[in-house]
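Dear colleague,

Please find the structure below, handed over for your reference.

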Amino acid sequence: MLRWFHALMPKEERFFELFASHSKVVVAGADALRSMLEGGDAIPQYYQIVMDREQDADNITLEVMIAVRRTFITPFDRGNIKDLITSMDNAIDQMQKTAKSVMIFDLHSFTPLMREMADAIKKCALLVDEATPLLRSISAEAGRLSRITEEISRIEGQADELHDGGLTELFRQHASSNPMAFIAGSEVYDHLEKVVDRFDDVANVIQGTVIEHV
């Protein structure tokens, strides 16, 4: 009887649309951050794009949180929904912090390894964007979702190596001759690494949700 009752209750299907919208915003933020790290006069322009997309992401996150409270039946566990949108939002929040560090230190040029880390961020953002529509058919798409999360985790491991290599390079170049350049560069490296870490958090939430529904 209870199963029939639940089947007749209205369901909030907009969660999937909101996840997809948020992931598109995250991709746009990752694109702008990568463009910032090309350096030059366009840095402020791309910085503003990152800021604007982060605000868009916050607005979508708020919509999801409100929908969770108002919806009687959600497509999957409420805790998973909150964890997923929060982890996605944390990723673009960390992009914002990275962009802010560039502006605070008034940086105009960046190392090849920084750009490689930004490329890793873009790859992760695109993988999450691929994953979000699949959540609508989570059981049927469990295999593909698992492969996506594994790929994000692999990229996160590579980003850790890029981070460590970048810090070593900075130390050799600037530690004694220009400590401020070392401090500024290491700050950017640390923020870039944290962005990828936040995408790994997204992957972990997705994988946990898949496991619960298979």
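Helix H3 (43–70) and helix H4 (78–104) each supply at least two residues of the positive patch; helices here are DSSP runs of H or I with at least four residues, strands are runs of E with at least two, and both are numbered from the N terminus. The patch lies on the surface and gathers Arg69, Arg70, Arg78 and Lys82. Patch residues have over 30% relative accessible area and no salt bridge, with like charges joined within 9 Å; a salt bridge places a side-chain nitrogen of Lys or Arg within 4 Å of a carboxyl oxygen of Asp or Glu.

The model is predicted: local features need pLDDT of at least 70 and side-chain atom pairs pLDDT 80 or more, while totals for chains, interfaces and linings use all residues. Residues are numbered from 1 along each chain as its sequence is written, and side-chain values use heavy atoms, leaving out hydrogens and water.

Arginine 69 belongs to helix H3 and is exposed, its relative accessible area being 63%. Glutamine 96, in helix H4, is buried at 16%. Buried means under 20% relative accessible area, exposed over 50%, and partly exposed in between (1.4 Å probe, protein chains only). Leaving aside residues up to four places away in sequence, glutamine 96 touches Val50, Met51 and Glu54, a contact being heavy atoms within 4.5 Å.

Overall, the protein chain has seven helices and zero strands. Of its 214 residues, 48% count as buried.

Note on methods: Patches are made of residues with over 30% relative accessible area and no salt bridge: like charges are joined within 9 Å, nonpolar side chains (Val, Leu, Ile, Met, Phe, Trp, Tyr) within 5 Å. Accessible areas come from the Shrake-Rupley method with a 1.4 Å probe; for residues, only the protein chains shown count as cover. Lys and Arg count as positive and Asp and Glu as negative; His and the chain ends are not counted. The place of a charge is taken as NZ of Lys, CZ of Arg, CG of Asp or CD of Glu.
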